[in-house]
Amino acid sequence: MKRILSTLALALLAPVALAQGCPDKNMQYWQAFPPGGESDLSARHQQMVLHKKCPSIETIIQYKAGAGGALMWTQMNQLPPDGHNVVGINLPHIVFQPIQGDVQYKTADVTPVFWFHFTPDILVVSAKGNIKNFQEFIQAAKANPGKLSLAGSGQYSANHAAHERLDAAFGIKTLYVPYKGTGDLASSVLGGQVDGAMTYVPFAIANKEKGVRPIAVAMDKRHPLMPDVPTFKELGVDWVDGAYRGIGVPKSTPAAERKRISDLWRALNNDPEMKEKAAASGFELVNVGVEEMDSFMASKTRLYTEGAARMGLGKK
């Protein structure tokens, strides 16, 4: 009888244990980029899975886009530090932008609590153009230096860095055209107003049937959803890189709240539905929480600071 009662007690306690990491009121999830891009898509995925885990609360997605994300990141420490306000953050953006010096925040002003995925760089062209593959792209770029235009999300962002790396690695000169976010540049690429884009894998997957032609990807192996697209490694350059996305909180948020949010987002990442959605969209899930944060940020800050020097950031 005692064993039956004990089992029953554990069964009754299970939902309570699941809900322990849930907030006690609605979450405000602030986005630094406009709707329609990878940050927005990942936030929508998290919103759905979070509601499944914490059905008594809603996650309200708010947008404050501008300056390649810097508008939101400059203001994030003004939000209430109550554990109910989280902000979407990006690497290498939060390292590159302060080095360039055109923003009103420093990397140390941003307080990450979880990095949840990585999106590899990918070079795409408009299907309305004449370029069919990477070799034809290089030929066109060398025949007309500075004429080919490539859209990207933000100034001094991962897309911007990848554009500079592309030009340097293959000895070409192309024109970088920054947009507020990936969602904003889509119509220009699809409409042929630009020749292509240095963007992320999810954009290529979502728009491949709409008029975007992916021609090279920065992954170790070809993407299973784009098996005909070569990697930069295959094309002779050791290039596996992209953008990390995560969440941060106001700096004065208590340590216990930071840990609770970090653990909650880790649970979201480990949910089978999240894994399925990420794979279908081209997101590579990572799990970097508060326990790993100091060493991860030190490593990435060092890496991107070296990259910024190669790009000449901060030299006005």
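On a 1 Å grid over the protein atoms alone, a cavity is a set of points where a 1.4 Å probe fits but cannot get out, whereas a pocket is an open set with protein on both sides within 12 Å along at least five of seven lines; lining residues are those with an atom within 4 Å of a point. Grid points are joined across faces, edges and corners, and a volume is the space filled by probe spheres set on the points. The model is predicted, so that local features need pLDDT of at least 70 and side-chain atom pairs count only at pLDDT 80 or more, while totals for chains, interfaces and linings use all residues. Residues are numbered from 1 along each chain as its sequence is written, and side-chain values use heavy atoms, with hydrogens and water left out.

**Cavities and pockets**

By the cavity rule, the model contains three cavities of 30 Å³ or more.

| Space | Volume |
|---|---|
| Largest cavity | about 80 Å³ |
| Second largest cavity | about 60 Å³ |
| Largest pocket | about 350 Å³ |
| Second largest pocket | about 210 Å³ |

The lining of the largest cavity includes Phe-33, Pro-34, Ser-39, Asn-90, His-93, Tyr-200 and Arg-245. For the make-up of a lining, Ala, Val, Leu, Ile, Met, Phe, Trp, Tyr, Cys and Pro count as nonpolar, Asp, Glu, Lys and Arg as charged, and the others, Gly among them, as polar. On that basis the lining of the largest cavity divides into three nonpolar, seven polar and two charged residues.

The second largest cavity is lined by 13 residues, and those nearest its centre are Gln-31, Ser-39, Gly-88, Ile-89 and Asn-90. The elements that give two or more residues to this lining are β1 (27–31), α2 (38–53), β3 (85–91) and β9 (242–249), where helices (H or I, at least four residues) and strands (E, at least two) are DSSP runs numbered from the N terminus. Strand β3 gives the most to the lining of the second largest cavity, with three residues, and the lining as a whole comprises six nonpolar, six polar and one charged.

Around the largest pocket there are 16 lining residues, of which Ala-161, Arg-165, Gly-307, Arg-310 and Met-311 lie nearest the centre. Two or more residues of this lining come from each of α6 and α11 (293–311), and α6 gives the most, with six residues. The lining of the largest pocket is made up of nine nonpolar, two polar and five charged residues.

Buried here means under 20% relative accessible area, exposed over 50%, and partly exposed in between (1.4 Å probe, protein chains only); a salt bridge is a side-chain nitrogen of Lys or Arg within 4 Å of a carboxyl oxygen of Asp or Glu. Leaving aside residues up to four places away in sequence, Asp-167 touches Ile-172, Lys-173 and Thr-174, contact meaning heavy atoms within 4.5 Å.

**Salt bridges**

Side chains of opposite charge can pair when their charged atoms come close. The structure holds 15 salt bridges. One of them joins Asp-238 and Lys-233 (4.0 Å, N to O); Asp-238 is exposed, with a relative accessible area of 61%, whereas Lys-233 is partly exposed at 38%.

Another salt bridge pairs Glu-291 with Lys-259, their closest N and O atoms being 3.3 Å apart. Because Glu-291 lies in the loop between β10 (284–288) and α11 and Lys-259 in helix α9, the pair ties together parts that are 32 residues apart in sequence. Glu-291 is partly exposed, with a relative accessible area of 48%, and Lys-259 is partly exposed as well, with 34%.

Arg-266 forms a salt bridge with Glu-292, with 3.2 Å between the closest N and O atoms. This pair links distant parts of the chain, since Arg-266 is in helix α9 and Glu-292 in the loop between β10 and α11, 26 residues apart. Salt bridges that share partners join Lys-259, Asp-263, Arg-266, Glu-291 and Glu-292 into one network.
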